[in-house]
Amino acid sequence: MKSLISILLLMFACHGLMANEAVPLAEDPVVEQRLIGISEEMRCLVCQNESLAGSRSDLANDLRAQIRTMIKAGKSDAEIRQYMVDRYGDFVLYRPPVKPTTWLLWLGPFTILLIGILGLFAYLRKRNTSIDSKTLSDDENRRLDALLNNVEAEFKKDPRP
Amino acid sequence: MKPRLLIPLILFLLLVIFLAVGLSRDPHEVPSPLIGKPAPTFEIGQLADPHKIFSPESMKGQVWMLNVWASWCVACREEHPLLMEFSKTKTLPIIGLDYKDQRADAITMLSREGNPYTLSAFDGDGHVGIDYGVYGVPETYIIDKAGVIRYKNIGPITPEILREKITPLIAELNQS
Amino acid sequence: MIPELGHYALILAFCIALVQGVLPLFGAQQGRREWLVLARPAAQTVFCLLVFAFGSLAWSFYVNDFSVLYVAEHSNTLLPTVYRFGAVWGGHEGSLLLWLLLLSTWTFLVAQLSKSLDEFMVARVIGVLGLVSSGLLLFVLATSNPFERLLPAAQEGRSLNPLLQDPGLVFHPPMLYMGYVGFSVAFAFAIASLLSNRLDAAWARWSRPWTTAAWIFLTLGIALGSWWAYYELGWGGWWFWDPVENASFIPWLVGTALLHSLAVTEKRGVFKSWTVLLAITAFSLSLLGTFLVRSGVLTSVHAFATDPKRGIFILIFLSLVVGSSLTLYAIRAPKRAMGAQFSLTARETMILLGNVFLVTSAASVLLGTLYPLLIDALNLGKISVGPPYFNAVFVPIMIPLLVLMGIGPWTSWKNTNLLSVLKRLWIAALLAVLAAVLIPVVMGEFTWLASLGFLLAFWIIGSGIQQVFRQFKTGKPTRSFIGMQFAHLGIAIFVIGITMVGAYQEERDVKMSSGDTVSVGGYQIQMQGISAAAGPNYQATRGTFEVSRKGKLETILYPEKRNYVASTMPMTEAAINAGLTRDIYVSLGEALPDQSWAVRVYYKPFVDWIWGGCLLMAIGGMIAMSDKRYRTKLRAKYEA
């Protein structure tokens with residue numbers, strides 16, 4: 001029995017030895033998650049148009065390291081964003097802050113949608129009433145029929161456009 | 001003609017005006033939010049002697065120029081002769097901030113190309129640069145007697161900028 | 001010699017395009033037949049000249065003629081032949097020549113396939129296209145000549161950006177431009193009908209297949225670009241709301257609205273004014289996109305070499321073309337609502353409502369893209385508008401549209417009993433709710449956003465299935481109907497793809513040495529080793545990774561880090577094992593000091609459904625285009 005148990009133990013130990021689980025690059029995955037969340041919404045300033053999270057440039061590496069330090073020091077997301085804005089301006093944020101200069105930006109789309117939908121229904125209502133007033137009288141209908149019959153007869157004689 | 005039908009045209013013309021103005025702007029230039037604010041404080045060793053500490057506090061009372069440079073930076077080479085000339089006029093002290101550089105390389109470059117700086121502070125890991133919102137070298141700051149940043153130039157200083165923007169500003173700040 | 005001939009061909013093409021533009025239009029105006037009939041031959045000649053010009057540039061690349069500046073800037077003797085061809089459109093001048101070639105191709109096709117169209121109409125359409133072509137030719141000749149010489153000739157070229165040395169990138173611009181440029185045909189038809197003051201259903205019938213074709217190409221072009229970014233850039237993203245991406249997406253949204261609006265105008269003779277405006281807008285947005293990409297006003301990863309002089313020229317061109325079109329529209333658009341009546345719940349209304357959503361989303365994306373420019377121009381500072389904004393704004397606008405997609409096809413023309421339609425759709429609603437609840441549970445994590453995605457996708461699928469069943473009861477379905485089902489299904493598949501990837505993808509950033517294993521998404525990926533490899537114009541470090549699931553080996557992946565001859569930046573070539581239900585994606589990062597490597601692995605469930613959905617949309621379009629109605633010769637009779 002003892003030898004059976006020791007064989008089993010040995011087998012488990014060997015299995016552990018053979019499959020080495022790769023170590024996460026980041027020291028602390030929780031911190032890293034927050035870093036990614038924050039830096040994804042920031043611009044890499046030296047790149048043409050990449051996020052701070054994705055860029056491999058020197059400055060981006062430095063700034064990510066700085067943010068990591070701040071996260072570990074217990075700073076909130078808002079504080080970290082403020083830190084970056086203080087040094088680089090609003091330009092560094094991919095999510096434009098809501099201030100008077102960006103009211104048009106944030107409210108624009110829904111305003112356009114509202115105008116569009118209201119405009120649509122106003123148009124439809126007006127259309128139906130104006131077309132109503134254009135229906136032909138019986139007399140006019142008869143005249144129209146006569147005209148159409150004439151046209152059809154002409155067409156049968158010569159169908160070229 | 002229904003006036004409503006002119007709306008697309010009017011909107012388009014407005015757009016064209018903005019685009020035309022936009023053509024004269026540079027979308028890559030990031031204006032500094034530090035203008036008008038006190039220069040961020042720091043204490044770091046100098047390039048020549050790491051034991052001698054430099055801090056912007058020591059410059060209070062005079063108008064001075066902080067020039068961020070590096071030996072690996074090609075555009076800095078462009079700017080260097082101009083800085084050399086300017087330093088000879090002794091208009092104001094020029095302090096260098098050697099950014100993310102190798103000390104040996106930096107000292108070699110200065111001895112070879114000339115040293116326009118009163119002294120250079122050595123920001124090896126770039127943390128001072130971050131505090132100053134540096135994102136591309138070279139960058140130059142003009143700081144007044146009270147230690148407030150008054151102007152930032154991104155990229156190499158050209159003779160035009162020196163003549164039209166920097167020199168008048170320095171004169172103005174010196175008078176107050 | 002050949003580049004000079006190509007240059008000469010361009011000059012000649014400009015002159016003839018000017019003739020093509022001016023004379024037929026005046027001829028139609030004044031009833032001069034001699035000028036009208038110049039349209040077709042002029043278009044055919046311009047086409048031949050541009051084929052020659054493009055061919056001579058391609059030839060210069062093929063033979064490595066580095067005395068041509070453009071070739072020296074974008075090619076290299078080590079560049080594989082197929083990429084030498086792609087390099088023709090790898091830079092500003094060449095890609096503009098491609099634009100011109102494709103515009104002349106569309107014009108040529110219109111000239112050939114319009115035999116049964118009224119002469120005056122043909123003259124006007126080709127005339128408008130001629131004016132656009134001549135403007136662009138002038139631009140190329142004046143500021144962006146691809147045949148400029150470099151003397152003395154360079155010994156070796158600078159080579160094509162390694163990112164562009166890829167099959168996806170070879171096909172992406174031509175597809176995209178076929179789409180962009182294709183909207184010029186609908187535009188030309190719209191202008192022609194305004195000029196002739198004949199805004200009737202016939203114009204809509206003529207425009208439809210051309211617009212559908214352009215839309216198909218644009219869909220495929222955008223999808224190719226997205227797919228390329230995914231597998232080439234090395235970190236698994238597929239859409240960044242980058243200004244240049246938006247520049248192609250905005251016309252796509254308006255083009256989709258145009259497609260649906262044209263259908264209504266053709267069948268019911270209503271919305272003529274609105275449809276004309278959409279046709280003008282779609283092409284205007286294509287031109288605007290061209291401006292944005294090449295003028296340097298916006299920051300983008302796609303930036304071409306930018307030059308303010310070129311920007312000014314394109315802006316003037318844009319202003320003239322769009323400004324005069326919108327002025328013409330304001331003067332000549334139908335003043336009173338014409339055509340039959342329809343109720344608030346009719347199909348006409350539904351399509352128009354859909355248009356509102358599409359156009360609003362296009363306007364929103366445009367607003368976000370241009371806003372930084374707007375703020376800067378007003379001296380109010382510099383801001384960035386990035387993915388967080390676009391996602392926050394675009395998705396909510398699309399949600400009601402997706403719901404509408406399930407309802408719209410059930411409504412009838414003129415009038416619908418909306419309540420009975422909704423009651424019938426209980427099956428689709430049930431399917432949607434089941435999917436919304438069950439799929440997140442099966443995938444292991446419930447989020448409201450994922451649930452919403454499945455709800456909407458399966459609502460559309462359910463409604464589609466019900467439609468198909470109903471159709472088979474009433475008779476053989478038309479190709480138009482089948483096309484619509486495919487296209488709408490494509491959207492649903494697309495939504496499933498982005499929902500799955502967005503909610504359930506897994507990523508691991510790890511340090512690996514030989515023998516290490518990382519687990520992701522139920523798969524085990526084991527690093528076997530690193531070796532050196534070489535290609536025609538690069539040296540690489542190649543990793544070998546075994547991918548297993550439940551102990552069984554599924555595949556071996558070989559991600560690389562390449563150093564191209566003419567470039568200093570190392571390129572990451574990710575290795576992807578694509579599957580119907582998931583991609584396994586391995587990307588090499590940096591070598592670490594202790595001989596190990598930083599490796600990034602992704603498990604991306606259903607990611608290929610994103611582009612699969614786009615492909616279905618394109619197929620739907622192709623099926624719809626092949627509908628008998630567009631090919632019958634009896635059409636003329638109906639038009640009388």
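Predicted model: local features only at pLDDT ≥ 70, side-chain atom pairs only at ≥ 80, totals over all residues.
Visitor: Where do I start with two packed helices?

Guide: Two packed helices are described by the angle between their axes and the distance between the axes. Helix α1 (residues 2-30) and helix α3 (residues 39-62) of chain C have axes that come within 8 Å. The axes cross at roughly 160°.

Visitor: What does that angle make of α1(C) and α3(C)?

Guide: Angles over 145 degrees count as roughly antiparallel. So α1(C) is roughly antiparallel to α3(C). Their crossing is left-handed.

Visitor: Which classes of residue make up the contact of α1(C) with α3(C)?

Guide: That contact has 21 nonpolar residues, five polar ones and no charged ones.

Visitor: Give me another pair of helices.

Guide: Take helix α10 (residues 243-268) and helix α11 (residues 272-295) of chain C. They pack at about 165°, and their axes are 9 Å apart. That makes α10(C) roughly antiparallel to α11(C). The crossing of α10(C) and α11(C) is left-handed. Their contact has 16 nonpolar, eight polar and one charged residues.

Visitor: What lies in the loop between α10 and α11 of chain C?

Guide: C:Phe271 lies there. Look at its backbone. C:Phe271 is not a glycine, yet its phi is positive, about 65°.

Visitor: Is C:Phe271 buried or exposed?

Guide: Count the neighbours. A residue with 20 or more other C-beta atoms within 10 Å is buried. C:Phe271 has 23, so it is buried.

Visitor: Where else can I see a positive phi in a residue other than glycine?

Guide: At C:Phe606, with phi near 60°. C:Phe606 sits in the loop between β10 and α19 (608-625) of chain C. It has 22 C-beta neighbours inside 10 Å, so C:Phe606 counts as buried.

Visitor: Now sheets. How are they held?

Guide: Strands of a sheet pair through backbone hydrogen bonds, either parallel or antiparallel. Here is a case with strands from chains A and C. Five strands form an open sheet, in the order β2(A)-β1(C)-β10(C)-β9(C)-β8(C). The pairing is antiparallel.

Visitor: Which are the edge strands?

Guide: β2 (23-24) of chain A and β8 (575-578) of chain C. Each pairs on one side only.

Visitor: How do I follow the pairing inside that sheet?

Guide: Pick two partners. Strand β9 (residues 582-591) and strand β10 (residues 597-605) of chain C pair over eight bridges, in the antiparallel sense. C:Ile584 stands opposite C:Tyr603 in β10(C). Now look where the chains pair. β2(A) and β1(C) run antiparallel, joined by two bridges. There A:Val23 stands opposite C:Lys511 in β1(C).

Visitor: What is the strand order of the open sheet in chain B?

Guide: It is β5-β4-β3-β6-β7, with mixed pairing. β5 (119-123) and β7 (149-154) of chain B stand at the edges. Each has a single partner strand, so one side of each is left without a neighbour in the sheet. The twist averages 20° from one strand to the next.

Visitor: Which helix packs on the sheet of chain B?

Guide: Helix α5 (residues 159-175) of chain B does, touching β6 and β7 of chain B. Its direction makes about 165° with that of β7(B). Within the sheet, strand β3 (residues 64-69) of chain B pairs with β6(B) over five bridges, in the antiparallel sense. B:Trp64 stands opposite B:Ile143 in β6(B).

Visitor: What about whole chains touching? I want to read an interface.

Guide: The size of an interface is often given as the accessible area lost when the parts come together. Here we list residues in contact instead. 47 residues of chain C are in contact with 39 residues of chain A.

Visitor: Which element gives the largest share of the side of chain C that touches chain A?

Guide: α13(C), with 12 residues. By class, that side of chain C has 27 nonpolar, 12 polar and eight charged residues. Chains B and C touch too. Their contact takes 19 residues from chain B and 25 from chain C. On the chain B side, 15 residues are nonpolar, two are polar and two are charged.

Visitor: Last one. Where should I look for cis peptide bonds?

Guide: Look at two prolines. The bond from B:Val137 to B:Pro138 is cis, with omega near 0°. B:Pro138 is in the loop between α4 (127-131) and β6 (139-143) of chain B. A cis peptide bond also joins C:Leu151 and C:Pro152. C:Pro152 is in the loop between α7 (119-143) and α8 (167-195) of chain C.

Key: Residues numbered from 1 in each chain as written. Chains lettered and ligands numbered in written order. Axes fitted to C-alpha atoms, helices over the stretch in contact; angles between N-to-C directions. Helix = DSSP H or I, 4+ residues; strand = E, 2+ residues; numbered from the N terminus. Parallel < 35°, antiparallel > 145°, perpendicular 65-115°, else oblique. Left-handed = near helix turned anticlockwise from the far one by under 90°. Nonpolar A, V, L, I, M, F, W, Y, C, P; charged D, E, K, R; others polar. Pairing = 2+ DSSP bridges. Contact = placed C-beta atoms within 7 Å. Buried ≥ 20, exposed ≤ 12 C-beta atoms within 10 Å, placed from the backbone.
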